[in-house]
Amino acid sequence: MATLQLNNIVKDFGGTQVIKGVDLEVKDREFVVFVGPSGCGKSTLMRMIAGLESTTSGDISIDGQRINDVGPADRGLAMVFQSYALYPHMSVEDNMGFSLRLAKVPRAERREKVLAAARILQLEELLDRKPRALSGGQRQRVAIGRAIVRNPSIFLFDEPLSNLDAALRVQMRIELARLHEELDATMIYVTHDQIEAMTMADKIVVLQGGVVEQIGSPMELYHHPRNRFVAGFIGSPKMNFLDIEVRGADAEGVDVALPGGDCRVPVEGGDAKPGDTLTLGIRPEHLKLDDRGPLTGRIVVIERLGGVTSLYLEHGDSEWILVADGDVAHRVHDEVRFSFDPACAHLFKGDGTALVHRHRHPLVDIDRKENRAPSASEGR
Amino acid sequence: MNPSMTKKLLLTLLAWGIALIVFFPIFWMVLTGFKTEGEAVATPPSLFFEPTLAGYNTVMARADYLKFALNSIVISFGSTLLALLVAIPAAYSMAFLPTKRTRGTLLWMLSTKMLPPVGVLMPVYLLFRDMGLLDSQLGLIVVYMLMNLPIVVWMLYTFFKDIPKDILEAGRMDGAGTLQEVLYLLLPLTLPGIASTGLLSVILSWNEAFWSLNLTTSDAAPLTAFIASFSSPEGLFWAKLSAASTLAIAPILIFGWMTQKQMVRGLTFGAVK
């Protein structure tokens, strides 16, 4: 059992605020991912939770207890570092058992706990090795094992996969997700990789410039971004943006002018008036080639990935990315017409905030348990 | 021969040349120690002669070499241990908890090495006299410790700075307090560096002459004083002086030879990854 509350957390580094008042609640057994561009404060926020960085103001509480002034070791957390931070002069077993040794746990009991963690991570064969004799993926597992041995109330992961190669990253991602099921623990995970965020999180916290832009489930961020930053940050390739003029607006929807005719986007009009300029946002995968579509563009680059094809289009000053199916026969310089389903479109006001969609996407509240089979050990 | 081979050959020749120039005085000293007083001052100097132990015999008969040697050992190792004891916490705080003035403090510490020691001879002498430290091993241990402290702190600081902060933070997350962090993580990881720093400090202390000559007379006199006692008022006897000098530097030379691997490893520690 472990919940975490952040209450108006501020971090000030010699006059520069890097965390500007963050509120967050992490529920028991939740997998929360902090994501954002580099320098957004996600790692600092995690280090503040860990106790490696002091908190300028605000409260951090675990299970209702304020822990601002509790040392890192006494918070009952374990952290996995990006660099793994294994102790180079100790064997795998000693690395994993170091916290127990410091806590003066008897040798036999220590060994038992280390072995139990090693079994989960398939490290039994490597217990006598030194870290330098391990591969990147093995080092990563030892670092995770070291955290498991501590039996923490919350696991903290600081970009744990970014030093691994792409194939191993995918494998470790799945292993971590299963580990979460198996340990049934609260986990907080920092990454700049939105695929890691989308695939592992129950809840994603999008940060920018020390401010929380949005907190929500992966599908909520994808389908209902609260502002233009989140819309552009989540999803790959990036969402297309186009400044358009409002023709009419009411509570049911907003009519906007497109080059090939008007269209009605089903969002709450709010205070939008005819003549206003809004930004239309459409994801590349929601654009489709359509000979009678209202939009046109000339192909400048084609990226064929086999399964899908990304078309980079130009029309006047505007640029579009369109993800079509893998077999498009178009060539560079072709003029194409395309369209989209207005229900998938987003509208953003001048200050970047999104107009609220009339209908919530059905997958927004989907639970992580509905995405994953029970973990390997439970299945056995 | 290709250009890189030529370059290598020239560099090797240069290295040998420099090594010979550096080593020649020592070689000549050892050689002179085995000559008679007459041969020692002969011009042109003779390279081939009949070696004699006469110089060594006189030296050993006239002074208690072992007593001086023991003083040297106690004083240089004692001062080194004391210096490490003081410098490790200092370097730790500078490397891991730096402030705006850390850099300045380090430079200031080093700048004290630019002061000629004779400038503080008077106050140190008077202090020692009043505290009863004249001609005592403890007195020299303290002075040598202070003398070497800037270099020892500076070297340890650079070694400590090479240790990734993550490792110490991981230790802190695992429950290590500052002392455990230093004992279980920092010291084992920087052992090569600490060893070479210690070796350097031992060598510097062993070879120090100014303070030992001025602050000791007999009881605590190290080997530098032993050598000096042979530059007698009745004139310089080169063969005897050389024999005494050879005896004085032999232990540290052998010690340096045995630990040279460690020295080089420590001094290039961090530079080669």
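**Exercise 1. Which residue of strand 20 of chain A does A:Leu280 stand opposite?**

Before we start: this is a predicted model, where local features need pLDDT of at least 70, side-chain atom pairs count only at pLDDT 80 or more, and totals for chains, interfaces and linings use all residues. Residues are numbered from 1 along each chain as its sequence is written, with chains lettered from A and ligands numbered from 1 in the order in which they are written.

*Step 1.* Find the strands (DSSP runs of E, at least two residues, numbered from the N terminus; helices are runs of H or I, at least four). Strand 14 (residues 277–282) and strand 20 of chain A pair in the antiparallel sense over 3 bridges; pairing takes at least two DSSP bridges.

*Step 2.* Read across: A:Leu280 faces A:Leu347.

*Step 3.* Zoom out. The open sheet has 5 strands of chain A, ordered 13-12-11-14-20, with antiparallel pairing. Strand 13 (261–265) and strand 20 (346–348) of chain A are at the edges with a single partner strand each, so one side of each has no neighbour in the sheet. From one strand to the next, the twist averages 45° (axes are lines fitted to C-alpha atoms, and angles run from 0 to 180 degrees between N-to-C directions).

**Exercise 2. Work out why helix 2 of chain A counts as largely enclosed.**

*Step 1.* Apply the burial test: 20 or more other C-beta atoms within 10 Å of a residue's own means buried, 12 or fewer exposed, in between partly exposed, with C-beta atoms placed from the backbone.

*Step 2.* Count. In helix 2 (residues 92–102) of chain A, 8 of the 11 residues are buried, so the rest of the structure largely encloses this helix. Among them are A:Met96, A:Phe98 and A:Leu100.

*Step 3.* Look for the cover: helix 3 (107–120) and helix 4 (136–149) of chain A are included in it. Just past helix 2 of chain A, A:Lys104 has a positive phi of about 60°.

**Exercise 3. Describe how chain B meets chain A.**

*Step 1.* Take contacts (C-beta atoms, placed from the backbone, within 7 Å): 14 residues of chain B touch 16 residues of chain A.

*Step 2.* Assign elements. Helix 8 (165–173) and helix 9 (178–189) of chain B each give two or more residues to chain B's side, and helix 8 of chain B has the largest share, 6 residues.

*Step 3.* Sort by class: chain B's side has 8 nonpolar, 2 polar and 4 charged residues. Here Ala, Val, Leu, Ile, Met, Phe, Trp, Tyr, Cys and Pro are nonpolar, Asp, Glu, Lys and Arg charged, and the others, Gly among them, polar.

Methods
Contact = placed C-beta atoms within 7 Å.
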